[in-house]
Amino acid sequence: MLVIKNLQASIQDEKQKTKSILRGINLTVKPGEVHAIMGPNGSGKSTLANVLAGREDYQIDGGTVELEDKNLLTLSPEERAAAGLFLAFQYPVEIPGVNNMYFLKAAVNSIRKQRNLSQLDAIDFLKIIKEKIKEVGMDEKFLSRAVNEGFSGGEKKRNEILQMLMLEPRLAILDETDSGLDIDALQMVAKGVNSLRDPNRSIIVVTHYQRLLDYIVPDFVHVMVKGQIIKSGDKELALELEAKGYGWLESSI
Amino acid sequence: MIDASTKDVAVLNPSPFAALRLDNPFVPEKDWLQDIQVNQLKAFLHRGFPTQKEELWKYTDVTGLAKQSYIWPKRNLESFQQKIKLEKAISIVFVNGYFSPEFSNLTALPENVICTTISDAIIQHEDRIKPYLINKMDLNRHPFAVLNGALMTDGVFILIPKNVFISVPIHFYYYNTQQTEFLTAPRNIILAEAHSEVTFIEEYTSDNEAKYFTNAVTEIHAEENARVNHYKLQAENPSATHIANIFIKQKQNSVVKSFNLSIGGRLAREDVHVLQQETGAECYLQGFYHLTRDQQHIDNHVHVDHCAMHGVSSMLYKGIMRKKSHAVFNGKVFVHKNAQHIQAHQANHNLLLSFDAEVDTKPELEIYADDVKCTHGATVGQLDSEALFYLRARGIDKDQAMALLTHAFADEVMNQIKDEEIKNYVKQRASHVEE
């Protein structure tokens, strides 16, 4: 599904100084697998998620990324989405004046178009979205509002999951989707994610805390520190991190 | 009379307008009118075209207009097709400045309302219209309004009597077809008597490529408790010059809404001047400008004078600039001494979509009363790159994502239009921009 080899990326700070953030990431995710990427603040977890989604603020300095044999790094963000990649944003953007329903329909139909599928008409679309919105426990009134505008933190995250359910990605990357969520919202998000689990779909969960992994149980856990994956294991590793923190790993590099 | 005016013109030569006034084919001959025209032309030429040394013209160069010479348009009887139309409207159509009864439709006009051309009103309602035509405009501040007085072509005169409510909008459609250069100076006068209500749309457009010059003046007089909804749509051709002065005078508790769409022309200057003379008047002024061509220049000057207590004014102008275009916005709220308890808000937001586009924006407040609530703000920005990435990450391609965001930007002001049919019409009009 996803093969990342020696990926290196940097960003220019305000003083135009280049700061290296990803320093040789290697990761292979097979169909059906759920991977968790954990690590302290500033370790590069979110950068990895954003680089995969195609954010242009980062400079790719080396390495390769293949998504189902496609060279991901040459694709535009919209082409990556059409290829099946979905990023649930850590901070979903508020877009005043763009209606949420209109946005969702435009997104679904853009991806369908790029995949040479027929466009969904208003009636079909409405049927599907009414079903999915129940799954994420969102009030229908959020559909008629502007995208994320004035949504609470929890509603924004539910809206991300709703988009994910509508777009049915091949690879979903959840970037700290658990941050700022109460336990009810967390369970709802996890339920949404778990409903997507299937042998042909892969999920990467980027998180700070082990808590989310109680609900979305990963097959693999990776620890990222200073732009590198320094340790990988199964779900037990997450529990160990919860107990011991990251310090013991950081001092080992 | 003819002799006298010929002499006057000879004295004033050389003037780009010298030949024009002698044979004005638009308005009927009246001695008082000719006197005014002679005097106003004299006054204008004495003052001269404004230059960029004047604060009000700092960013807009109109000196090129002084170097052209002008002729009247010819009457054109060819038929034409309005691309988009309002379903229900009283329509008054002018082709190349001439009233065109065959394209106009006044059947929905209530009997007690006077709605006719300026030239007809000078004959039929001379006493009613004369005070407005002899009224002197501020030469320093509104030189082109004075020029309009000198060279007035035709336009619309509306008088809505006391307590009358017109539910159907009145659409003035100024349409140009002539391929050679010419000048028109439309004048519209709208008198809304006490407790009356009217909605009207003045629209300027063309299908030609001529470098014509439209110099329009619209006067709105809202008496006590009158409600006037005004829409001005400027969609002239890419070579044209459009200069307009809109004067709004408000009496007690009147409410005037004025929406200004400006997308056309090579050079456009739109002045809106509101004078709240009595207490409790409210005005809502909105504008949207969209510049899409190299060298396109659109300047909006919006001025509100609060002369009485408890007045409300709200100004929201938004603009999008592409290519090497240049927009100017100047919004001014002037609160006179003793005009207490005023609420005034003004906002101007600009979206620059190209590296070469430029905007000069200046919101101003001048307050001489001490118990008022005034706010103002202006922004100049680009499309939100975070929002753009978010949309693209959901599969929406870059062009569509940009279009979504620019529409969202415009919609904030478009959605202030409460009448659905007019809103759709204005939106359609706004989307017909020439690139």
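Reply: Two strands are taken to pair if DSSP finds at least two bridges between them. The model is a predicted one, and with that in mind the part to begin with is strand 3 of chain A, which covers residues 34-38.

Strand 3 of chain A has a parallel neighbour in strand 10 of chain A, residues 202-207, to which five bridges join it. Within that pairing, Met38(A) stands opposite Thr207(A) of strand 10. Strand 3 is also joined by four bridges to strand 11 of chain A, residues 220-225, and these two strands again run parallel; here Ala36(A) has Val221(A) of strand 11 as its bridge partner.

What is the state of the residues on the two sides of strand 3, buried or exposed? Val34(A), Ala36(A) and Met38(A) point one way while His35(A) and Ile37(A) point the other way, and all of them are buried. Strand 3 of chain A is accordingly described as mostly covered, with five of its five residues buried.

Chain A contributes 32 residues to the contact and chain B contributes 17, and together the two chains bury about 1900 Å², of which 63% lies on carbon and sulfur atoms. On the side of chain B, the residues that lose the most area to chain A are Phe389(B), Tyr390(B) and Arg394(B), which together make up 42% of what that side buries.

The polar part of this interface can be read alongside the area. Twelve residue pairs are in polar contact between chain B and chain A, counting pairs with both residues at pLDDT 80 or more, and the rule finds four salt bridges across the interface. In one of them, Glu386(B) meets Arg55(A), with the closest N and O atoms 3.0 Å apart. Helix 8 (385-393) and helix 9 (398-414) of chain B each supply at least two residues of the side that touches chain A, and helix 8 gives the most, with seven residues. By class, that side of chain B divides into nine nonpolar, two polar and six charged residues.

Glu160(A) lies in helix 5 of chain A, residues 153-167, and Arg394(B) in the loop between helix 8 and helix 9 of chain B, so the pair joins two chains. Both Glu160(A) and Arg394(B) are buried.

Salt bridges within a chain supply some context, the structure holding 24 salt bridges over all chains. In chain A, the side chains of Lys130(A) and Glu140(A) meet at 3.6 Å, N to O, the former being in helix 4 (residues 122-135) and the latter, ten residues apart from it, in the loop between helix 4 and strand 8 (146-147). Lys130(A) counts as partly exposed because its relative accessibility is 34%, and Glu140(A), with a relative accessible area of 38%, is likewise partly exposed. In chain B, Arg47(B) and Glu54(B) form a salt bridge whose closest N and O atoms are 2.5 Å apart; Arg47(B), with a relative accessible area of 18%, is buried, whereas Glu54(B), at 24%, is partly exposed.

Definitions and conventions: Residues are numbered from 1 along each chain as its sequence is written. Chains are lettered from A and ligands numbered from 1 in the order in which they are written. This is a predicted model: local features need pLDDT of at least 70, side-chain atom pairs count only at pLDDT 80 or more; totals for chains, interfaces and linings use all residues. Side-chain values use heavy atoms; hydrogens and water are left out. Buried means under 20% relative accessible area, exposed over 50%, partly exposed in between (1.4 Å probe, protein chains only). Contact means heavy atoms within 4.5 Å. Buried area is the accessible area (1.4 Å probe) that two parts lose on being put together, summed over both. A polar contact is a pair of N or O atoms within 3.5 Å; within protein, one must be able to donate a hydrogen and the other to accept it, and residues adjacent in sequence count only if both atoms are side-chain atoms. Ala, Val, Leu, Ile, Met, Phe, Trp, Tyr, Cys and Pro count as nonpolar, Asp, Glu, Lys and Arg as charged, and the others, Gly among them, as polar.
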